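Here are some questions about the terms used for a structure, each answered by setting a value against a cut-off.

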Amino acid sequence: MTTGSATARGRSQARCAAKSTAVAAGARAGFVARGIIYVLIGVLSVRISFSDGGGRQADRGGAIAEIAGKPFGAALLWLLGVALAGMALWRLSGAAFGQAGPDGKKVTKRATAAGRSVFYGFVSYSVLSYAAGDQSSGSGSSDENSRDVTAKVLDWPAGQWIVAGAGAAVAAAGVWIAVRALRRKFKEHLKMSGMSPRTHQTVTVLGVFGGSARGVVFAAAGGFAVTAAVQHKPGKAKGMDDTLRSFTDTPVGPWLLVFIAVGLVAFGVFSWASARWRKL
């Protein structure tokens, strides 16, 4: 009986900690950090649109390197890494105890939160490692990483099926992200009633445009992975940088990349709005 009471008390304390002000503050800081990364990726993409970008990468690694090169860059990276750790912790609490909203305790929602917690935990670790002096961490090329991983997996038994399945999953996730943005599903997670009419309209435009652009990038990257699997050519797999650069090979030239880049900046700004109005 005593053990059961202690267990119940421990769970109650953990649940209270998950709903604490500190966890909420970490989540909001995480949204700010995510916004900074996407804004920088968008800006780097615009630079690449009409040149090679001066050797810069339009991906998370490029954004980290861009921050590191600024005054007080190391301190900013430490703040960014800690903020992303806050996001990971908030997602973990959602996986353990459910998220805000009427369906926040569904198994699918909690599983998604768990996956996001792992992702943001990895990103936080890579940023903090880079800030600590390990420049091989965090700023590595997403394109090289994608090709290396694809090459290794293709050598496995049924490797083509695994790569194709993973690529299809990423492409499907991209379509899902874009569709949800177009359907304005993000409004369910924001305190829209607390916004002025002009702010409401601005946040809606940012959410639709930014989310759709983000979805297109994911869908394209997934499509390249499927191509790599079908053709058994690891070089066909692309990270975010090469995926973005591929938009310049369309009939409209660099303008499609500019459009997508502006969309990524919009998603970054939308992330900042989420830091203010997200339901936690």
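Axes are lines fitted to C-alpha atoms, for helices over the stretch in contact, and the angles between N-to-C directions run from 0 to 180 degrees. The model is predicted.

Q: Why is H7 called roughly antiparallel to H8?
A: The axes of helix H7 (residues 159-182) and helix H8 (residues 197-231) cross at roughly 165° and come within 7 Å. Angles over 145 degrees count as roughly antiparallel, so H7 is roughly antiparallel to H8.

Q: What kinds of residues make up the contact of H7 with H8?
A: This contact has 17 nonpolar, nine polar and one charged residues. The crossing of H7 past H8 is left-handed.

Q: Which residues make the contact of H3 and H4?
A: H3 contributes Ile64, Ile67 and Ala68, while H4 contributes Gly73, Leu76, Leu77 and Leu80. Six are nonpolar, one is polar and none is charged. Gly counts as polar.

Q: What makes Trp272 partly exposed?
A: Trp272, in helix H10 (residues 255-277), has a relative accessible area of 36%. Buried means under 20% and exposed means over 50%, so Trp272 is partly exposed.

Q: Which residues does Trp272 touch, leaving out those up to four places away in sequence?
A: Trp272 touches Phe31, Val32, Gly35, Ile36 and Val39.

Conventions
Residues numbered from 1 in each chain as written. Predicted model: local features only at pLDDT ≥ 70, side-chain atom pairs only at ≥ 80, totals over all residues. Heavy atoms only, no water. Helix = DSSP H or I, 4+ residues; strand = E, 2+ residues; numbered from the N terminus. Buried < 20%, exposed > 50% of the residue type's maximum accessible area, 1.4 Å probe, protein only. Contact = heavy atoms within 4.5 Å. Parallel < 35°, antiparallel > 145°, perpendicular 65-115°, else oblique. Left-handed = near helix turned anticlockwise from the far one by under 90°.
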